[in-house]
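Trainee: Could you walk me through how to read this structure, one feature at a time?
Mentor: Gladly; let us look at it together.

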Amino acid sequence: LRAMLRQVLVNAQRARAAGRAPCRFASNVIEHRAHETKHHAPSTKVWQRVSMGALVVLGGVVYRTMTLPHPPEPEHKDWPHMHKRAKPFPWGDGQTTLFHTEGTNWHPE
């Protein structure tokens, strides 16, 4: 449907450029589109400004949140039910998970 309307508009613009009158449907579509563009221009500008302002504010909030100092990590408690292995993992030393990160994940020694 969109391609059909686009073709109608292109044909109407070509007809006007050639000095011929476009079909009634095409001229109505062109006039309607021009009217909508003129009618909605002020509110479009308002919402563009509102959106840009919101982006600036949200960017500031994210920046502020990311630059705040993080609270210290609580000390790890080694509970007896943790790190029980029926058999070792098939990678590495057998004690660390596949996605283990040194310094972030606690590792039983």
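Trainee: With which side chain does the side chain of His100 make a polar contact?
Mentor: First, a reminder that this is a predicted model. To read a polar contact, look for the partner and the distance. Here the partner of the His100 side chain is the side chain of Glu102, at 3.2 Å. His100 itself sits in the segment after α2.

Trainee: Which residues is His100 in contact with, leaving aside its neighbours within four places in sequence?
Mentor: Once those neighbours are set aside, His100 touches Asn105, Trp106 and His107.

Trainee: Let me step back to the whole chain. How many helices and strands are there?
Mentor: The protein chain has two helices and zero strands. Helix α1 covers residues 2-17, and helix α2 covers residues 24-67.

Trainee: What share of the residues in the protein chain is buried?
Mentor: Of the 109 residues, 10% are buried. The chain exposes about 10,200 Å², and 62% of that comes from carbon and sulfur atoms.

Trainee: And how do I read contacts along the sequence? What share of the contacts with a separation of 6 or more is between residues 24 or more positions apart?
Mentor: Among contacts with a separation of 6 or more, residues 24 or more positions apart account for 11%. Val8 and Val29 are 21 residues apart in sequence, while their C-alpha atoms are 8.9 Å apart. Val8 belongs to helix α1 and counts as partly exposed because its relative accessibility is 24%.

Trainee: Is Thr96 buried or exposed?
Mentor: The cut-off to keep in mind is that buried means under 20% relative accessible area. Thr96 has 12% relative accessibility, so this residue counts as buried. Thr96 lies in the segment after α2. Leaving aside neighbours within four places in sequence, Thr96 is in contact with Phe89, Trp91 and His107.

Trainee: Two of those are aromatic. How do I read a ring pair?
Mentor: A pair of aromatic rings is described by the distance of the centres and the angle of the planes. This structure holds one aromatic pair. The ring centres of Phe89 and Trp91 are 5.2 Å apart and the planes meet at 10°, so the pair is stacked. Phe89, at 26% relative accessibility, counts as partly exposed. Trp91 is also partly exposed, at 31%.

Trainee: Why does Trp47 count as exposed?
Mentor: The reasoning runs as before, with another cut-off: exposed means over 50% relative accessible area. Trp47 counts as exposed because its relative accessibility is 57%.

Key
Residues numbered from 1 in each chain as written. Predicted model: local features only at pLDDT ≥ 70, side-chain atom pairs only at ≥ 80, totals over all residues. Heavy atoms only, no water. Helix = DSSP H or I, 4+ residues; strand = E, 2+ residues; numbered from the N terminus. Buried < 20%, exposed > 50% of the residue type's maximum accessible area, 1.4 Å probe, protein only. Contact = heavy atoms within 4.5 Å. Areas by Shrake-Rupley, 256 points an atom, 1.4 Å probe, with all protein chains shown as cover. Phe/Tyr/Trp six-rings, centres within 6.5 Å; stacked < 30°, edge-to-face > 60°. Polar contact = N/O pair within 3.5 Å; in protein donor to acceptor, adjacent residues only side chain to side chain.
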